[in-house]
Amino acid sequence: MNIHEYQAKELFRQYGIPVPDGEATDKLAKVPAIAKKLGKVVVVKAQIHAGGRGKGGGVKVTKNLTETKNAAKKILGMTLVTPQTGPEGKFVKKLLIEEGIDIKEEYYVALLLDRDTSCPVFIVSQEGGMEIEEVADKSPEKIFREVIDPAVGLMPFQARKLAFALGLTGNAFKMSIKTFMNMYKLFIDKDCSQVEVNPFVVTGDDRSLSADAKVNFDDNAVERHPDILALRDLDEEEPAEVEASKYNLNFVKLDGNVGCMVNGAGLAMATMDVIKLSGGNPANFLDVGGGANPTTVENAFRIILQDKNVKGVLINVFGGIVRCDRVANGVAAAVKKMKISIPVVVRLSGTNAELGKKILEDSDTKFITATSLAEAAKKVVKAI
């Protein structure tokens, strides 16, 4: 789950992580009063769930009240297009009005989960303000990693190593050590999957500040944090994905034309790969899980078919936890009820697979059946 920058910075304040003063608003009338409290130089920032806002015109540094009001008027209500939003962009419905700061140096700091070691890892770089992927590609030697043993947590000596890796000295060095320790506490306490600051800055008066803040949370743990769940902004999420979550369906919208309905995340990933290898393009990732029934299948079909780009559906089910005949009954009932006219290719394997195929063959709807995944992928691409 993602949250906005202003929400992430409020969390930072709660955990003693220094950030610039600022206030969020969705009303232009409130901007002058906020700006007057912050000083002459004020930064106006669009609040959307995407990076690269500055490049798209969503971040403006202003030097007087007139400039601040003009920038706010231009940004609030705009459709902001960045490399992370796609060409459709995102509608800006809230601003963060923040004090301008005297930036002396910019750095990159992030705390993530390292899948290779199954441990949290701090990643820091002196190349702050840049896309970290670009730094990793062109100058990997400029990235420093510190893996943390979750049994003992982040140790002070590790926090000092991170500060040394950034070349910090003086008061900024001391402040950064405390910041790194508190970032780790936030990461663990709130079941975060990412805590990122880009840029992490040193000011002219030798302070370290988090000029930006990005915090993501583990979807599987967010239910035990009501305070975090309350920060969720459904307007920033794909509507089909929000609807799918209501029915415990794991759904991610993509840009292809082959709708996918699969049981099991690994099988779903393999299904998308084979569709690609067969010359097709998957329109979604959809894991219906182990409890597929007529209601589940109907909801899955409805969500898939909301995408007007979908020209065919591939159903790939391995009967283990759920029997194939149960899925077949659900598919037949859903297709008949919804009067689906596009090609539907079904591949069933595992428990009661033959019975499931017979159910589909005896139904009033014409299904395309397949024995293997490769055969199913080729058939759906050909049918489209």
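Predicted model: local features only at pLDDT ≥ 70, side-chain atom pairs only at ≥ 80, totals over all residues.

Reader: What does the chain comprise in secondary structure, and what box do its C-alpha atoms fill?

Author: The secondary structure comes to 13 helices and 18 strands, and the C-alpha atoms fill a box of roughly 80 × 50 × 40 Å, taken along the principal axes. Of the 384 residues, 48% count as buried. Among contacts between residues at least 6 apart in sequence, 67% join residues at least 24 apart.

Reader: How should I describe two helices that pack, taking α11 and α12 as the case, and at what angle do their axes cross?

Author: Two packed helices are described by the angle between their axes and the distance between the axes. For helix α11 (residues 324-338) and helix α12 (residues 353-361), the axes come within 7 Å and cross at roughly 15°. Since angles under 35 degrees count as roughly parallel, α11 and α12 are therefore roughly parallel to each other. Their crossing is right-handed. On the α11 side the contact is made by Cys324, Asp325, Ala328, Asn329 and Val331, and on the α12 side by Ala353, Leu355, Gly356, Ile359 and Leu360. By class, the residues of this contact divide into 7 nonpolar, 2 polar and 1 charged.

Reader: How are α9 and α13 placed relative to each other, and which residues meet between them?

Author: The axes of helix α9 (residues 265-277) and helix α13 (residues 373-383) come within 9 Å and cross at roughly 55°, and α9 and α13 are therefore oblique to each other. The crossing of α9 and α13 is again described as right-handed. Ala270, Thr271, Val274 and Ile275 of α9 meet Leu373, Ala374, Ala377 and Val381 of α13. The contact of α9 with α13 has 7 nonpolar residues, 1 polar residue and no charged residues.

Reader: And for α2 and α3, at what angle do the axes cross, and which residues make the contact?

Author: Helix α2 (residues 31-38) and helix α3 (residues 65-75) have axes that come within 10 Å and cross at roughly 135°, which makes α2 oblique to α3. In passing α3, α2 makes a right-handed crossing. The contact is made by Val31, Pro32, Ala35 and Lys36 of α2 together with Leu65, Thr68, Lys69 and Ala72 of α3. Sorted by class, the contact of α2 with α3 has 5 nonpolar, 1 polar and 2 charged residues.

Reader: To finish with a single side chain, why does Gln158 count as buried, and with which residues is Gln158 in contact?

Author: The cut-off needed here is that buried means under 20% relative accessible area. Gln158, which has its place in helix α5 (residues 156-165), counts as buried because its relative accessibility is 7%. Leaving aside its neighbours within four places in sequence, Gln158 is in contact with Glu146, Val147, Ile148 and Gly153.

Conventions:
Residues numbered from 1 in each chain as written. Heavy atoms only, no water. Axes fitted to C-alpha atoms, helices over the stretch in contact; angles between N-to-C directions. Helix = DSSP H or I, 4+ residues; strand = E, 2+ residues; numbered from the N terminus. Parallel < 35°, antiparallel > 145°, perpendicular 65-115°, else oblique. Left-handed = near helix turned anticlockwise from the far one by under 90°. Contact = heavy atoms within 4.5 Å. Nonpolar A, V, L, I, M, F, W, Y, C, P; charged D, E, K, R; others polar. Buried < 20%, exposed > 50% of the residue type's maximum accessible area, 1.4 Å probe, protein only.
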